[in-house]
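These notebook entries record what I looked up in one structure, entry by entry.

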Amino acid sequence: MFEVVTIRTEYEGWWLFDDLWESVTDHQCFSSIQSAELYYMKRLEKLRERYKNEQIGKYNIHAFYNNCELEYCEDCGEDVQIFHSLIVFKDKKAYNMPF
């Protein structure tokens, strides 16, 4: 099974921290890679329209952000950048999209 997941966190998604599942804002499951890729490309396009900045890291995971989207972190006592990352999983493991 393939899963296409968008998360909203204070770190780029390619860090794949254990708590990322608590930050999911969109989660879709697919039985084929073709269906997952089609949804992934549509989701990628929407994120590119909404956010001005994009970074690509490990597993070709995209992280999007706008400079003004900050939240106060009580643990660190300062504002932190918010990232929206698009991640694909195959059988619960990060899947490297070829593009």
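The entries below run from the whole chain to single residues.

**Basis.** I worked from a predicted model, in which local features need pLDDT of at least 70, side-chain atom pairs count only at pLDDT 80 or more, and totals for chains, interfaces and linings use all residues. Residues are numbered from 1 along each chain as its sequence is written, and side-chain values use heavy atoms, with hydrogens and water left out.

**Fold.** I found 1 helix and 8 strands in the protein chain; helices (H or I, at least four residues) and strands (E, at least two) are DSSP runs, numbered from the N terminus. Along the sequence their pattern reads β-β-α-β-β-β-β-β-β. The radius of gyration is 14 Å, close to the 13 Å that the globule rule gives for 99 residues, so the protein chain is as compact as a globular protein of that length. The radius is taken over C-alpha atoms, and the rule is 2.2 Å times the number of residues to the power 0.38. I also noted the box that the C-alpha atoms fill, roughly 45 × 30 × 20 Å along the principal axes.

Of the 99 residues in the protein chain, 41% are buried. Buried means under 20% relative accessible area, exposed over 50%, and partly exposed in between (1.4 Å probe, protein chains only). Among contacts (heavy atoms within 4.5 Å) with a separation of 6 or more, 53% join residues 24 or more positions apart.

**Cores.** I next looked up the nonpolar cores, each a set of buried Ala, Val, Leu, Ile, Met, Phe, Trp, Tyr and Cys residues joined through side-chain atoms within 4.5 Å. The largest has 13 residues, and Val4, Ala36, Tyr40 and Leu86 have the most contacts inside it. β1 (2–9), α1 and β7 each give two or more residues to this core, and α1 gives the most, with 5 residues. Another core, of 11 residues, lies apart from it and includes Trp14, Leu20, Tyr65 and Phe83.

**Aromatic pairs.** My search of the whole structure gave 6 aromatic pairs. Rings of Phe, Tyr and Trp (its six-membered ring) pair if their centres lie within 6.5 Å; planes under 30 degrees apart count as stacked, over 60 as edge-to-face and the rest as tilted. Phe30 and Tyr39 form a tilted pair, 5.6 Å centre to centre with 35° between the planes. Phe30 is buried at 16% relative accessible area, whereas Tyr39 is partly exposed at 21%. The Tyr65 and Phe83 pair is edge-to-face because the ring planes stand at 65°, with the centres 5.2 Å apart. This pair links strand β4, which holds Tyr65, to strand β7 (residues 83–90), which holds Phe83, 18 residues apart. Both Tyr65 and Phe83 are buried. I also recorded a cluster of Tyr11, Trp15 and Phe17, linked by ring pairs.

**Asn66.** Where does Asn66 lie? I placed Asn66 in the loop between β4 (62–65) and β5 (70–73). Asn66 counts as buried because its relative accessibility is 17%. The side chain of Asn66 reaches the backbone nitrogen of Lys52 at 2.7 Å. Beyond its neighbours within four places in sequence, Asn66 is in contact with Arg50, Tyr51, Lys52, Asn53 and Gln81.

**Leu38.** I located Leu38 in helix α1 (residues 33–50). Leu38 is exposed, at 53% relative accessible area. From C-alpha to C-alpha, Leu38 and Phe2 are 12 Å apart in space, and they are 36 residues apart in sequence.

How values were computed: Polar contact = N/O pair within 3.5 Å; in protein donor to acceptor, adjacent residues only side chain to side chain.
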